[in-house]
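Here are a few exercises to work through with the model open beside you. Try each task on your own before you read its solution.

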Amino acid sequence: MAELVKTAEERRGRGGRRAGGKSKRGMALAGGRPAQMPPVRAVRLRLLPTTAQERKLHRLADAAAKAWNEVNYLRRRQFFAKQGVDLRGTYNEIYNKYNRLLAPAALQQILNKNDEAWRSFFALLAKLKAGELPPHMKKVSPPGYWKDRLFGKRVKRLIVRSDRYYVEPINDGEGYIALKDFGMRIRRGDKVV
């Protein structure tokens, strides 16, 4: 099964401000950010790949997990050594290392999601120091690795930006999903809700 999720960048819209304090999507801006975020859309599809497609998907998802874990490792090492986390430097280092294994758009999404997780962690740390942390939160931890805690193996995930795939319907819920960056057209079954 695959899960396709719109990223925060897509939810915010790519446009800047327009006249009248509105974004391209027409949401009022408050301090440079949309005042109201549209809901996140996640679509779960049952994929029916061929054996060769399944091997390729596993290889790509494994490379994606390696990229996430490696950038996270570098950032955690910097954080715990109290050196300050260099988000841009680690982003560029991992991008240059993995851009031949993964499509650039997929790799950018992985690294952007990791950036988002670290920025969220720093915001929570600031709230903790200011004593403004919500009462249900007892501690704040840095972002974790894509790893199954029970089996100790990497969790394979592939993040696909919404403009990098399309769905070809055939009949009642069946059809194909085409992944543009990976040159794949995979048969799919019904939606899984």
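**Exercise 1. A leucine and its surroundings**

Is Leu128 buried, partly exposed or exposed? Work that out in this predicted model, then find which residues Leu128 touches beyond its neighbours within four places in sequence.

Solution. Start by placing the residue: Leu128 belongs to helix H4. Next, take its relative accessible area, which is 39%. Buried would need a value under 20% and exposed a value over 50%, so Leu128 counts as partly exposed. Now turn to its partners. With neighbours within four places in sequence set aside, Leu128 contacts Leu133 and Val140.

**Exercise 2. Packing of H2 and H3**

Describe how H2 and H3 pack, using their angle, axis distance and handedness.

Solution. Two packed helices are described by the angle between their axes and the distance between the axes. For H2 and H3 the angle is about 150° and the axes are 10 Å apart. Angles over 145 degrees count as roughly antiparallel, so that is how H2 and H3 run relative to each other. Their crossing is right-handed. On the H2 side, the residues in contact include Ala63, Ala67, Val71 and Leu74; on the H3 side, they include Leu87, Tyr91, Ile94 and Tyr98. By type, the residues of this contact are 8 nonpolar, 2 polar and 5 charged.

**Exercise 3. Packing of H3 and H4**

Repeat the analysis for H3 and H4.

Solution. Helix H3 covers residues 87-98 and helix H4 covers residues 104-130. Their axes come within 11 Å and cross at roughly 155°. H3 and H4 are therefore roughly antiparallel, and H3 passes H4 in a right-handed crossing. From H3, Leu87, Tyr91, Ile94, Tyr95 and Tyr98 take part. Their partners in H4 include Leu107, Leu111, Trp118 and Arg119. This contact divides into 9 nonpolar, 2 polar and 2 charged residues.

**Exercise 4. The nonpolar cores**

Which residues touch the most other members of the largest nonpolar core, and which element gives the largest share of it?

Solution. In soluble globular proteins, nonpolar side chains tend to be buried together. Here the largest core has 32 residues, and Leu102, Leu158, Leu179 and Phe182 touch the most other members. Elements giving two or more residues include strand E4 (42-47), helix H2 (51-80) and strand E7 (184-191). The largest share, 10 residues, is from H2. A second, separate core has 7 residues, among them Leu87, Trp118, Leu133 and Val140.

**Exercise 5. The whole chain**

Solution. The protein chain has 4 helices and 7 strands. Read from the N terminus, their order is β-α-β-β-β-α-α-α-β-β-β. Of the 193 residues, 35% are buried. Finally, among contacts with a separation of 6 or more, 58% involve residues 24 or more positions apart.

Key:
Residues are numbered from 1 along each chain as its sequence is written. This is a predicted model: local features need pLDDT of at least 70, side-chain atom pairs count only at pLDDT 80 or more; totals for chains, interfaces and linings use all residues. Side-chain values use heavy atoms; hydrogens and water are left out. Axes are lines fitted to C-alpha atoms, for helices over the stretch in contact, and angles run from 0 to 180 degrees between N-to-C directions. Angles under 35 degrees count as roughly parallel, over 145 as roughly antiparallel, 65 to 115 as roughly perpendicular and the rest as oblique. A crossing is left-handed if the near helix is turned anticlockwise from the far one by less than a right angle, and right-handed if clockwise. Contact means heavy atoms within 4.5 Å. Ala, Val, Leu, Ile, Met, Phe, Trp, Tyr, Cys and Pro count as nonpolar, Asp, Glu, Lys and Arg as charged, and the others, Gly among them, as polar. A nonpolar core is a set of buried Ala, Val, Leu, Ile, Met, Phe, Trp, Tyr and Cys residues joined through side-chain atoms within 4.5 Å. Buried means under 20% relative accessible area, exposed over 50%, partly exposed in between (1.4 Å probe, protein chains only).
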